[in-house]
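Dear colleague,

Please find below the structure that I am handing over to you. A summary of the findings follows it.

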Amino acid sequence: YGDVLNKLTLTVDNLEGMNPVEIEAEHPKKGMQTYRGIYLNDLLNLAGPDSEATTLVMTSSDGYTTEVPLSDVRSCPDCLIAFEDDGTLSMVMVGMQSNFWAKMVNFLEVK
């Protein structure tokens, strides 16, 4: 959503069909973990952010919102939107501080 060419409405099933990857990444509070999901940059490439866009806003179903510079996301080849065992999605923001590792994510906005 937001400043993109293609607004995407994706379900977990849609994402599961997009060739998920599995990576090992170090969570800032939990240490090394295994995550399965879709590369965040692949989703951004599908959406086509406007050239003027500077921020990715991640919103969780509990109302938690965090913003990360789009340039930080673009320079993170291993950042994922990951599948959780409970059917929710979470952000795997490799190399970033813990407040960017949002859980229960249900909305992404480029602005």
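Does Thr66 count as buried or exposed, and why? The relative accessibility of Thr66 is 5%, so Thr66 counts as buried; the term buried stands for under 20% relative accessible area, exposed for over 50% and partly exposed for values in between, with a 1.4 Å probe and protein chains only.

Please note that this is a predicted model, in which local features need pLDDT of at least 70 and side-chain atom pairs count only at pLDDT 80 or more, while totals for chains, interfaces and linings use all residues. Residues are numbered from 1 along each chain as its sequence is written, and side-chain values use heavy atoms, with hydrogens and water left out.

Thr66 belongs to strand E4, residues 65-69. Helices (H or I, at least four residues) and strands (E, at least two) are DSSP runs, numbered from the N terminus. Thr66 and Val68 make up the covered face of E4, whereas Thr65, Glu67 and Pro69 make up the uncovered one. Not counting residues up to four places away in sequence, Thr66 touches Leu56, Val57, Met58, Asn99, Phe100 and Ala102; contact here means heavy atoms within 4.5 Å. A polar atom of the Thr66 side chain lies 3.4 Å from the backbone oxygen of Asn99.

E4 pairs with strand E3 (residues 55-60) in the antiparallel sense, over five bridges; two strands pair if DSSP finds at least two bridges between them. Val57 has Glu67 as its bridge partner in E4. Four residues separate the strands of this hairpin, and Gly63 takes a positive phi near 95°.

**The four-stranded sheet**

An open sheet is formed by four strands in the order E1-E2-E5-E6, with antiparallel pairing. Strand E1 (21-27) and strand E6 (89-92) stand at the edges with a single partner strand each, so one side of each has no neighbour in the sheet. Seven bridges join E1 to strand E2 (residues 31-39), and the partner of Glu22 in E2 is Arg36.

**The aromatic pair**

One aromatic pair is found in a search of the whole structure. Tyr35 and Trp101 form this tilted pair, at 5.9 Å centre to centre and 55° between the planes. Rings of Phe, Tyr and Trp (its six-membered ring) pair if their centres lie within 6.5 Å; planes under 30 degrees apart count as stacked, over 60 as edge-to-face and the rest as tilted. Both Tyr35 and Trp101 are buried.

Yours sincerely

Methods. Polar contact = N/O pair within 3.5 Å; in protein donor to acceptor, adjacent residues only side chain to side chain.
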